[in-house]
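Here are my notes on the aromatic rings, as promised. Have the model open while you read.

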There are 2 protein chains.
Amino acid sequence: MEARPTYDEKLLRILRESAAIFAAKGYHRASIRDISAATDVSLSGLYYYFKSKEELLFLIQDHCFGTLHHRLDEELEGNTDPVARLRIFVRNHLRFFLSNQAEMKVLSHEADVLTGEHRAAVQKRKRAYAAAAETILTELGPPGGVEPRSATFALFGMMNWIYTWHRPDVDPDADRLAEQMTHLFLHGYRTPIAEGVETLPERSGGGRGDAPSIWRTD
Amino acid sequence: MEARPTYDEKLLRILRESAAIFAAKGYHRASIRDISAATDVSLSGLYYYFKSKEELLFLIQDHCFGTLHHRLDEELEGNTDPVARLRIFVRNHLRFFLSNQAEMKVLSHEADVLTGEHRAAVQKRKRAYAAAAETILTELGPPGGVEPRSATFALFGMMNWIYTWHRPDVDPDADRLAEQMTHLFLHGYRTPIAEGVETLPERSGGGRGDAPSIWRTD
DNA sequence: TTCCCGATCGAACGCTCGTCCGGTACTCCC
DNA sequence: GGGAGTACCGGACGAGCGTTCGATCGGGAA
């Protein structure tokens with residue numbers, strides 16, 4: 001005999017299924033009716049668990065971000081070597097990303113959908129997480145040539161872009177990817193830029209402005 | 001006396017304004033009525049320029065990708081040094097991205113909205129562009145440790161993530177960013193991974209599975 | 001048994017959406 | 001002047017959306 005699920009269990013199941021649907025169709029194109037069908041909960045029955053579609057998105061994002069950051073703190077605990085800490089950070093991020101692809105896609109892809117207090121709450125989480133990342137980078141010492149802010153976002157770009165290309169059957173798992181990305185980042189970050197060698201001469205006589213718009217009229 | 005715009009000029013204007021609106025609100029949330037208001041063309045009048053909302057998105061993406069790739073070929077022409085070619089590739093991509101942020105955001109963010117032939121046509125463009133990138137990376141010689149496929153996407157991730165963070169008033173311009181990202185990528189890509197030094201010991205006795213789901217039930 | 005309350009549902013409301021139809025100026029050519 | 005064709009518009013249609021309302025069901029308390 002199967003025990004009836006508690007309120008919390010059922011809410012978590014709804015959040016999980018909703019995340020999968022938002023990830024597949026996108027937040028705006030996914031309808032509450034889709035979620036109703038996937039969860040076998042009636043349309044109106046769902047509103048017992050959240051007040052609005054936006055709150056549903058918020059619950060997913062908030063829980064996801066909170067868990068990600070919480071795990072990071074656990075993993076970092078007691079570790080003081082700067083390089084090891086960077087490695088742990090990347091590994092934690094990628095493990096979490098690949099184990100919760102739907103949720104993390106929703107987090108990355110629907111980042112600017114929320115409004116008002118929901119938006120503020122998620123952005124607070126995001127800032128705290130980014131600050132943790134920045135601290136870790138600062139501990140590495142001064143960079144060799146790239147600016148810390150650009151470098152931080154370059155690292156996040158590498159990691160967060162994953163959901164657009166990673167296929168579990170052919171691509172490396174999270175731990176191997178973490179090794180590779182840490183390696184990729186670390187060497188470039190600490191190696192100084194060789195003056196004069198690494199810049200490209202301007203293309204001569206192109207005649208076009210340096211920031212041409214796409215909308216050519218030829 | 002202002003000359004009346006031609007058909008093509010007006011279409012391009014509509015595409016430009018639409019791209020800005022899609023970038024700001026997202027494809028699904030932006031309505032044809034929004035575009036009508038922004039362009040001062042009536043709702044039905046717009047359908048003289050495209051057959052459906054999806055075709056409008058296609059026209060933007062197709063034109064954008066086509067121009068990006070076309071520019072790349074122009075810039076690469078006559079240049080044979082592998083490192084210089086990589087540098088040109090990154091610079092071209094970033095220049096284009098920052099000069100056409102709205103269009104490139106639409107390209108990145110609404111990548112899997114199109115269906116049928118529209119989707120196929122854009123994916124063909126994307127594959128051709130990615131192939132060009134892969135060729136450039138191959139010319140660099142064998143990587144030092146990271147896999148070429150992961151490395152390629154890591155590079156694209158760095159570059160394509162830009163639209164989420166770049167602020168023209170505080171961040172470096174396209175050319176400086178290109179220098180930095182090329183540097184970042186190149187050193188990591190060619191430096192071998194030091195055996196045994198760069199791997200992290202498993203966390204001892206964590207007791208949790210290695211790919212824990214977010215949806216803890218505690 | 002009766003009452004209450006958390007959990008759930010069917011049916012509807014008001015709204016916005018993409019798209020289409022019929023019509024109308026305007027311009028050029030005969 | 002008359003016909004053709006390009007450019008454009010007002011207004012509507014049907015579908016789908018998020019949300020709400022009143023009713024119902026089942027189990028523990030009195």
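1. A word on burial before we start: buried is under 20% relative accessible area, exposed is over 50%, and partly exposed falls in between (1.4 Å probe, protein chains only). With that in hand, Phe185(B) counts as buried at 0% relative accessibility, and Tyr189(B) is buried too, at 2%.

2. Keep in mind that this is a predicted model, where local features need pLDDT of at least 70, side-chain atom pairs count only at pLDDT 80 or more, and totals for chains, interfaces and linings use all residues. Residues are numbered from 1 along each chain as its sequence is written, chains are lettered from A and ligands numbered from 1 in the order in which they are written, and side-chain values use heavy atoms, leaving out hydrogens and water.

3. Phe185(B) and Tyr189(B) make a stacked aromatic pair, 5.0 Å centre to centre with 20° between the planes. (Rings of Phe, Tyr and Trp, the last by its six-membered ring, pair if their centres lie within 6.5 Å; planes under 30 degrees apart are stacked, over 60 edge-to-face, the rest tilted.)

4. Over all chains there are 22 aromatic pairs. One of them, Tyr7(B) with Tyr49(B), is stacked at 4.9 Å centre to centre and 25° between the planes. Tyr7(B) is partly exposed at 39%, while Tyr49(B) counts as buried at 13%.

5. Over in chain A, ring pairs join Phe65(A), Phe89(A), Tyr129(A) and Phe156(A) into a cluster.
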